[in-house]
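Okay, thanks everyone for making time. Let me put the structure up, and then I'll walk you through a few spots in it.

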Amino acid sequence: MELRPYQQKAVDAVFNSWREFSKTLLVLPTGTGKTVIFSKVAERALNEGDGKILVLAHREELLTQARDKIYAATNLPCAFEKAGESSLDSLAPITCASVQTLMRKPRLGRFSPRHYDTIIVDEAHHALSDSYQNILGYFSSARCKAVCLCAIVVYNIGKFLIREL
């Protein structure tokens, strides 16, 4: 799938940001293809040598959308980490995980803190909640990078998100 010019600029901006910071916030309006953009971020990260990628979302609908868009945009398979499904033994390079499932200590503890090299957070305005922070903190190894995407951020909240993520 070929990206629109502004989408390619967004992907490039994430990688440029990662040269200086391990975490970045990408804000784009509704309808601009954030899921397609993070699909291409995941694909490029894998092509540049990253290991597994984790996509975090808080709703089933977002997990299914992420899996479907990632496959449509990149042909990369995804595993689910949610309720009765585990990605632990999957060969898929990308895991779409439910925050509600992964935030549980027994579930999170099944993974090595170095299991993922890249974390993508859909709807970043949720990323400051304790559940997200526990997951992000668990996988906060020196090599782990994160990109958080959202449609709108109020300036003061945005400053806080950028500083805290």
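Predicted model: local features only at pLDDT ≥ 70, side-chain atom pairs only at ≥ 80, totals over all residues.

Where does T32 sit? You'll find T32 in the loop that runs between β1, residues 23-27, and α2. If we ignore neighbours within four places in sequence, T32 has contacts with Y6, Q7 and I37. For a sense of scale, go from T32 to L102: that's 70 residues along the sequence, and 28 Å in space from C-alpha to C-alpha.

Okay, on to the pocket. The largest one has a volume of about 260 Å³. Its lining comes to 15 residues, and the ones nearest the centre are G31, G33, K34, T35 and Q65. By class, the pocket lining splits into seven polar, four charged and four nonpolar residues.

The axes of α2 and α3 cross at roughly 60° and come within 9 Å, and the crossing is right-handed. On the α2 side, the contact is made by T35, V36, F38, S39, K40 and E43, and on the α3 side by Q65, A66, K69, I70, A73 and T74. Sort the contact residues by class and you get five nonpolar, four polar and three charged.

One last thing to look at: T35 and Q65 are among the residues nearest the pocket centre, and both also belong to the contact between α2 and α3.

Methods
Residues numbered from 1 in each chain as written. Heavy atoms only, no water. 1 Å grid on protein atoms, 1.4 Å probe; cavity = no way out; pocket = protein on both sides within 12 Å on 5 of 7 lines; lining within 4 Å. Points joined across faces, edges and corners; volume = space filled by probe spheres on them. Nonpolar A, V, L, I, M, F, W, Y, C, P; charged D, E, K, R; others polar. Axes fitted to C-alpha atoms, helices over the stretch in contact; angles between N-to-C directions. Helix = DSSP H or I, 4+ residues; strand = E, 2+ residues; numbered from the N terminus. Left-handed = near helix turned anticlockwise from the far one by under 90°. Contact = heavy atoms within 4.5 Å.
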